[in-house]
Every structure is written in C-alpha cells, then in structure tokens.
Amino acid sequence: MTLLRTSARRIVDLDRPDSVAEQLLEQMLFHTGRRPSEAEQKSWSRSLPVFAQDLVDAGLGDVEMLVEYHLPLTSQRADVVLAGAHPVTGAVSYVVVELKQWSAARRFEDDPELVEVAGMPGGPKLHPIAQVKGYCDYLNDFARAVADQPDALAGIAYLHNATDPTAVAELRNYPSGITGRLFTAADRGDMLEFLRTRLAPAPGHTAGDTLVRSAVAPSQQLLKVAAAEVRDRPQFHLLGNQQLAVGLVLHEVEMSRAADHKRVVIVTGGPGSGKSVIALSLLGELARRGRTVLHATGSRSFTQTLRKVAGARAPRVQKMFKYFNQFISAERNGLDVLILDEAHRIRETSVDRYTRAELRTDRPQIDELISAARVPVFLLDEHQVVRPGELGSLEQIERYAATLGLETHHVHLGEQFRCGGSEEYVLWVKRLLGLVEGGPVRWTGDPQFAVRVAESPEELEYLLEQQRGRGYSARMTAGYCWPWSNPDKDGRLVSDVQIGAWARPWNSKSERRTGEAPPAALWATEDGGFGQVGCVYTAQGFEYDWNGVILGPDLVWREGRFVTVREANKDPDFKNTKKISDLRFDRLVRNVYKVLLTRGMIGTVLYSTDEPTRQALRSLISEPTR
C-alpha cells in the first residue's frame, strides 16, 4: 500500500537528493510494472528532500514517512503519510501530506474547488485542500485503524516553492480545518509548529505498521450516512421476488455471523426487473444495521451514475461504490456483504496494464469477489454479456462456488419495470434475436408499450423529438458499425454515425462535458445526451422513456431470421478472430442488440440501415408506423 517507508533523517542523510527518486522509481517498476512519468520523478526529486529537511528542522526526523501511500480499494495515492504518536495523548497519529511545486496559483474561473496553475498543462486542478481533505475523509471511512479514533488524522497541502504570499492568495479562501490546511514556503514556520502539535519527536514505525496492516471496511460513521442517504429514499418500493431477494440476503448475513459460515446469493432478472433497486435497498438497509457492505460493478458509466444518484446529498456515500477489479488484495471475509451489480460483466481476471507487479496472478476475478465478503451477492442478466472476456452467468457462478464448497441461493426476478412492465415485449425481443427458442413472431401490441419502425434515421429522430416535446426523455443508440473518432482540434464531436445525408456523433468519450454533450458516463442520464448516438457500453444499465435503436449492417434479416455480419462491425474488442470465434461473435452481437432494444420505458423506435431488414420489421410489427 506504500512504495517507500523511510524517515526524514534517512532522506536528508543520503549522499545525493536524487537517490530517493531512484528508490521510488525502482519500487514503482516492481510494484506496478510501469515507469513513472518524468514529471513524477522530478516531483520526487524536488519535493521530498525539501520536506524531509523541514521535518528534521522541526525535530521530527525519526517520524515514519509512508511515501506514495495507496489509499485502500482505490487507485489514488497520497504523496506522503506521516505516522507517529500524538504528542499529548500518545495515540497513533497520522498527517496526510500533499506536496506541490507550485509557486503561483489562482482560482479557475472563480470556482472555489478548482485551481489554475500557470504553465502547467492538463487544465484546471483540484484545490489542494480539497484533495488532501478527501484523502483524510477516505481513510476515516475505510481504514479500521483510524475509524474509531476521531483525532487520529490531519492533513496539509504544502506549496514549498510559493515564497510570495500574494501569488497564491486566492487559494486561501477555501475552508480549512485539521484535515485540510494550506501552507507555503512563506509560512513554513507555521507548518512546522502545526506538525509538532500532531506528532511526537519519536520513531513512528509502529504507527506505520498499524496503518499499512489496517483492515479495510466502511466505518460505522459512513454506514450511518449511507443508511440515511440510500435506505430512506421513498422511490425504492420492493415487490414480490425483490422482497424475497433482500430478505434472503439479510437472513444470510445474520446466519453468517452467528454460525461463522458463508453462502453465495445469486439474483437473476432481465431489464427493468429491479436488480439495482435491490442493490441500493440492500446497501441502505445493511448500513442501517451497521453491517459492513460495499457495492461494485464492472461498468464505469453505471458506477458513476449510481455514485451521483445515491450520494447526491452525501458525497461520502459515493466511496461505497467500487469496481470489480478493486478487490485483488481485499482481506478474506473482510466485509459482511459485497453487492455485485451487473455481475454479467465479471471478467476472467482483474489484471490490466495498471495492476501492480506483485498482484499480477492468474487468480480468477470471481474468486476475489467471493472471497471478499461473508455473503457475496451477484445480480445479473445473462443476456447482457456483450464483451469478450465477460463471463458472469448463473451456471458459472454456481459452478465456481461449488468448487469452493459453498452453497448458493438463486432468486429469479421477472421483467417488471422497464419496457413499460411489458414481459411480452422483452420475450418478443429475445425471440426476434434468436436468444430463446421459438423463432420470431409478430408484435401484436401491448397497451403498456409502443413499438414503431422508422423509414429513415431522420424519421427516427423526428419521432423521438416529438416525444421529447411532450416532456418524455429519449435517447438514440446504435450498433457499433461506424468508426469512433476523437474530438476535432476545436474540441467538437465528429459526426461519425453517417447514414445517407444524416450524420450524428457518438456520445463523448470524455469524462467532462464536450460542448453540450454530457460526460461519457452520464450520457444516458444528463441533459444534452440526445444530440449524440449512444453505444451499448454507455446505454447498458440505464433506461429512458423513449428508445431509438439503429440496427447497423452487422445484424441483418435474411431468409426469415437475423444473421450477423462480422466485417460490418467496428468494435475493436471483436476484431481478433483467434480470440473471438464467429460463433462467439454472433452471440455477443445479438446480446448487444438485446441490451439496446430494452432500454425504453414507454416505447421503442426501430430503424435498420438495411432495406430487407426494414421490410421484415414492418411485416413483424403491426403497430402503426406513423
């Protein structure tokens, strides 16, 4: 969890100041398998020796320095955490330190949270007090070693090159406190005095061990906040097997604590069956009961939206939403419950190019997830596996649990909410795409759900615009059959999805707004998303009132059924024919369109770029097309 453990005195005594940067370079190569950037190496060389000398001058030369400390279950690193004993109480005491080389900085466009640093590329930066305070809050919420010790943590941002107080004057207006103080070279003496109030002049190795070895789980304080924020939301109304699933998980939690045993709960259901309502209801209820619980998915869009929705009034709650690949080194049974939403997106392994070297194993991701909690809860839809390497299915999870000697409980949900509650429509889509037996049948209509066929992309967009004019939400989606360009030199999205004279851009790739277009993860839920075409990776997991779907040339109707056309697909994940067989490609593409076709709550408008396919759709859909 930390690249280097040392003391200020050891750094000061080095023959060359660059030696500490070389040690960190070596450790990063070993732990992460990647080489730090030149800027990062320069930061180590220029900041750490200066700060180490300051600590020696303060009489704190023997305090433990945890350099490049990894916050648990995240990819974030704090520059330094000082570990030692409190000078008054003798209890463990930690100071999180963010080192900045800035000599001048100002507010970015008068936003108190953002900072503009002259000459530094990459756009605005987070205010350093906000940054270090966030690190402290996170440790308070997840590191058991400090969770029950209210005065164990402090935080400072140190701008050691800022000698002119006026050059950073605008940063002083940000609210400060014990976990977020700003110091510059101009008030170095005040910083040293502050550190002396937090740390005794003694070795801090024991305190360092305590933090590094700390169990990781949400604190009771965080659980209380989550209970108030999530559980008390009135829109979470559970029905039928949804109530059964929640009740079963709560039962297993109590049994696991009383009898020290472990069971796996699997909840399956189609689009709109309420899997995420179950997930959030469980998160809130378990938090209310003081049980340690986290939520995880394999989808960036889905996770970020849930963070926004569930943590709108309490940002701390957002930290309870993780990704599947963040449990590589999680403590065995460290949580009471791990809620694994969208579990059909589980991958073979958590290892990617950012994984630290010592964590690069062939351990299956499913093993990590089952191991992390006494009651792992998998929520999935087997027809939403849309990417190579995704393997979360009921059979696979049950089979793997059996190899571990674990019992499983399975609860199946019906398609109750999305698609207007129309089980008929969801079944019709599955039969249309050949995902269930029986073959395609005519759509004879359902008063709860409307289906239309458009003759052109212009008509598809017009029909959706009509519904938007009536106050409904709408989005356009398409199969991945067009290239996906980066924005042009002026930052505008490129209209890659071209059909005749009609052209629209894909949704933005960026995590920030691009003109009127929302960030990629929020395309389905934020204003401005209608102007772009969404792909399956941004639409999956979401719903909107009206759903426009463009069937591209990778799925066409021939001889009474849909067939897939591999060469028409542009998804880079599908290109490798050795890894993805034609049979596997066929299944994945059908699943992609199944996801796209089941996002609507009130109705779906279909358009195919292929004329024979449009004719087939018109013959199958008896609803009026005008």
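Modeller: Cys481 counts as buried, with 7% relative accessibility, where buried means under 20% relative accessible area, exposed over 50% and partly exposed in between, computed with a 1.4 Å probe on protein chains only. This is a predicted model, in which local features need pLDDT of at least 70 and side-chain atom pairs count only at pLDDT 80 or more, while totals for chains, interfaces and linings use all residues. Residues are numbered from 1 along each chain as its sequence is written, and side-chain values use heavy atoms, leaving out hydrogens and water.

Cys136 is buried too, at a relative accessible area of 0%, and the structure holds zero disulfides, a disulfide being a pair of cysteine sulfur atoms within 2.5 Å. Cys136 is among the residues touched by Val96, as are Val80, Leu139 and Ile156; here a contact means heavy atoms within 4.5 Å, and residues up to four places away in sequence are not counted. Val96 itself is one of the residues that touch the most other members of the largest nonpolar core, which has 70 residues. A nonpolar core is a set of buried Ala, Val, Leu, Ile, Met, Phe, Trp, Tyr and Cys residues joined through side-chain atoms within 4.5 Å. A second, separate core has 60 residues, including Ala478, Trp502, Val592 and Val605.

Let us now turn to the parallel sheet. This open sheet has five strands in the order S16-S24-S21-S17-S20, with parallel pairing; strands (E, at least two residues) and helices (H or I, at least four) are DSSP runs numbered from the N terminus, and two strands pair if DSSP finds at least two bridges between them. Its edge strands are S16 (450–453) and S20 (533–534), each of which pairs on one side only. Between S16 and S24 (residues 600–608) the parallel pairing runs over four bridges, and Val453 has Leu606 in S24 as its bridge partner.

Helix H17 (residues 582–597) packs on this sheet, where it touches S17 (474–478), S21 (544–551) and S24, and its direction makes about 145° with that of S21. Such angles run from 0 to 180 degrees between N-to-C directions, and the axes are lines fitted to C-alpha atoms, for helices over the stretch in contact. Helix H18 (residues 611–620) also packs on the sheet, touching S16 and S24, with its direction at about 140° to that of S24.
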